[in-house]
Amino acid sequence: GDRDRAHAALDRLDARGGRVDHELVTPGGASGLERAGPSAALKPGRARHVLALSCAGALMLLALGVDARWDGLIQALEGAPRPESATTLAPPAVAPLSRGEQALADARRLMEAGDPAGALLALDGVPPEEPAYPFARQLRRQAQSAMRAGRSD
């Protein structure tokens, strides 16, 4: 928010790349790293070269590793699967339907077949303690309304 400080900071920027001059940052013109000696740090341009060379070396090692295993990878992809990988696990056993669920399924089949009276008889087999009881009541209402609609025709 202070314009004078902002202008002072902008004046310190080097026009070449937006970097702050080392002479302006440290008194006497030498940065702390340069005062420690040449072995303490690399010059900025040299550091980029070292980074580029290390990345190139790592990429070469990766390429050599892939090249050494390439034939084996292609053979594994082209070949037949191993016998142990070809076996499949059996699906888990399905729990048998309870008496109420079976009656509900029968009632749905009868409703789809157009027999609402048979569906009502099948729904009588769903006791209130069954988890499917709310669905049975809903299907019972549908069957009753279908029977009323059939009588009015």
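**Chat about the model**

Trainee: Which residues is Glu 130 in contact with, leaving aside neighbours within four places in sequence?
Mentor: Ser 98, Gly 100 and Glu 101, with contact meaning heavy atoms within 4.5 Å. By the way, this is a predicted model, where local features need pLDDT of at least 70, side-chain atom pairs count only at pLDDT 80 or more, and totals for chains, interfaces and linings use all residues. Residues are numbered from 1 along each chain as its sequence is written, and side-chain values use heavy atoms, leaving out hydrogens and water.

Trainee: And where does Glu 130 lie?
Mentor: In the loop between helix H7 (116-123) and helix H8 (133-152). Helices are DSSP runs of H or I, at least four residues, numbered from the N terminus.

Trainee: What's the nearest side chain of opposite charge to Glu 130?
Mentor: Arg 99, 5.6 Å away.

Trainee: New topic: how many helices and strands does the protein have?
Mentor: Eight helices and zero strands; a strand would be a DSSP run of E, at least two residues.

Trainee: How much of the protein is buried?
Mentor: Of its 153 residues, 14% count as buried.

Trainee: Where's Trp 70, and is it buried or partly exposed?
Mentor: Trp 70 sits in helix H4 (residues 44-78). Trp 70 counts as partly exposed because its relative accessibility is 46%.

Key. Buried means under 20% relative accessible area, exposed over 50%, partly exposed in between (1.4 Å probe, protein chains only). Lys and Arg count as positive and Asp and Glu as negative; His and the chain ends are not counted. A salt bridge is a side-chain nitrogen of Lys or Arg within 4 Å of a carboxyl oxygen of Asp or Glu.
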